[in-house]
Amino acid sequence: MSSLVECFPVADFTLPELGENVTAGDVLRVLVKPGDTVAKDQTVLELETDKATIEVPSSVAGRVSTVSVKPGDKVKVGQVVLSVEDGARAPANGDQAKAPARQEDAPPENAKQQDAQPAAAPAQMGAVGAGTAAKVPDGGLEQHVDGPKRAAAPTGKDKSGKKEKADPPASPESAGQDAGVPTDRARASGAASGGSNVVAISRGARPSAEPAASEMPPAPAAPSVRRMARELGVGIDTVPGSGADGRISIDDVKAQAKRLVEGAAHGVGPAVSEPLPDFSRWGDIERQPMRGPRRKTAEHLSFAWATIPHVTQHDLADVTALEDLRKKYAKEVEAAGGNLTVTAIAVKVVAAALKAFPQFNTSIDMAAREIIYKKYVNIGVAVDTDRGLLVPVVRDADTKNIIEIAVEIGELSGKARAGKLSLDEMQGGCFSISNLGGIGGTFFTPIVNPPEVAILGISRARMEPVYIKRGSAGASTDEVPFVPRLMLPLSLSYDHRVVDGADGIRFLRWIVEALEQPFLLALQG
């Protein structure tokens, strides 16, 4: 048995680095099963991250012995995905690959090491399940178990002033792994790695299981203190008490509110939410985990709404003449492989507007107290998909004509709905456009997509009676001053820390006039 293990050592394939700020993903499909033979760079997993679906290639080759994940699991970077009996890969640097923990013929002088090795297997098994969404939902268990929970005080002390004791580990094995002691299999997996042409492979120790939230008693606070917390929007369970036995005072609530405000000003404020009631008291319910895109959208927009002072201004653009031109040239754009939509035209108009109003093509760095002006123009276009809202980016929109923009939007939208967008195709935006006109509505309040500072919302155009002064362009020849015109509702939201109200309406009026007088765009660039 020992000789067989030495000939075919077990190698673990761990989830590699997936991209900047991407630490985990949800498993959509596992493309191999125990007994299958895999080659290096063969796709073994389809993973859904916050915004993209990624095909993950294997960095090891051999016969699959175990698969440690299944569809629906949440997998973290560095977590074991599968193990193979690797007979093809040579040991790194000429050294013999270390045997796995299950050695049956270890010499007596290694008795201590042999005693420690069986402890590694349970820790590894626990680590595989630690990242699954079914067991530990993202964001903790606060909203998933009955009964009140208390957040840990920032000082690391309990309400009596004593230091809180950490929950004991489930087993000595997991404690050893948390302390950074690698198992033989973990060392073997890091001995040699085959480079991947698709994603960079990054090996690391498997994460230990996350401790479950512990039950905590209700926060000790008087009704008046609780009322103050509600008025300030502070969760009473998040407030560290300074009184006897951790009793919370009004000053404690005010201090917590101040910390939240100061944190939000620096862009690091935590989200505050009150505990949910038990909805099952009033009828049947069903809990469904948030998928990656929906979860990321919820987090991102909550942050945006909490930290950006939004202002939204509305206006109407007379696009009667523009619609005639759109219909006239639609066939030409279709021949090029695109669709001449209002969105494509708006991208070109906004790209030109950002040149005229550079303060809208900025990001704000509150930590450095600086405004970052961008010399490039990339426009994000919101796409409605069955996976949630995705925002692919049209790069260098100011250098492309409307036909090129229309073709690119069609390609990006198709990839978004098919779940094939890459992370790079959704990064680097300077300004966003959200067009709900295909569904309906008049005006709405789009939320700024940070770190951008503005977003344009487009609603459905409709024919309206418009008063036009006699003798002006578009006026009717008869005596009726009201004529039917196709009016397009526009909604501009912006970050009031960077953009003043007067500049906001000037920017919106520039867009309106460019849509109403298409020649103006060619005239002014």
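Which residues make the nonpolar surface patch of about 450 Å²? Select Leu 276, Phe 279, Trp 282 and Ile 285, which together form that patch. Patches are built from residues with over 30% relative accessible area and no salt bridge, like charges being joined within 9 Å and nonpolar side chains (Val, Leu, Ile, Met, Phe, Trp, Tyr) within 5 Å. The model is a predicted one, in which local features need pLDDT of at least 70 and side-chain atom pairs count only at pLDDT 80 or more, while totals for chains, interfaces and linings use all residues. Residues are numbered from 1 along each chain as its sequence is written, and side-chain values use heavy atoms, with hydrogens and water left out.

**The patch and the whole protein**

Helices (H or I, at least four residues) and strands (E, at least two) are DSSP runs numbered from the N terminus. Trp 282 is exposed, at a relative accessible area of 59%; exposed means over 50%, buried under 20%, and partly exposed in between (1.4 Å probe, protein chains only).

Now display the entire protein, which has 13 helices and 19 strands. Of its 525 residues, 41% are buried. The accessible surface comes to about 28200 Å², 55% of it belonging to carbon and sulfur atoms; areas come from the Shrake-Rupley method with a 1.4 Å probe, and for residues only the protein chains shown count as cover. Among contacts (heavy atoms within 4.5 Å) between residues at least 6 apart in sequence, 67% join residues at least 24 apart.

**Helix H6**

Next, select residues 223-232, helix H6, where Val 225, Met 228 and Ala 229 are buried. These residues lie on the same side of H6 because they cover an arc of only 100 degrees around the axis, the arc being that of the directions from the helix axis to the C-beta atoms. Turn to the other side of H6 to find Pro 223, Arg 230 and Glu 231 exposed. Just after the helix, Gly 233 adopts a positive phi of about 75 degrees.

**A four-stranded sheet**

Move to the open sheet of four strands with the order S1-S8-S6-S3 and antiparallel pairing. Strand S1 (10-14) and strand S3 (37-38) are its edges, each pairing on one side only. Two strands pair if DSSP finds at least two bridges between them. Select S6 (residues 62-67) and S8 (residues 80-85), antiparallel strands joined by four bridges. Thr 66 has Ser 83 in S8 as its bridge partner.

**Salt bridges**

A search of the whole structure finds 16 salt bridges, each a side-chain nitrogen of Lys or Arg within 4 Å of a carboxyl oxygen of Asp or Glu. Select Arg 295 and Asp 26, whose closest N and O atoms are 3.6 Å apart.

Then show Glu 46 and Arg 29, which meet in a salt bridge at 2.8 Å, N to O. Glu 46 is in strand S4 (residues 43-48) and Arg 29 in strand S2, 17 residues apart. Glu 46 is buried, with a relative accessible area of 12%, whereas Arg 29 is partly exposed at 45%.

Finish at the salt bridge between Asp 398 and Lys 355, with closest N and O atoms 3.2 Å apart. Asp 398 is partly exposed at 25% relative accessibility, and Lys 355 is partly exposed at 49%.
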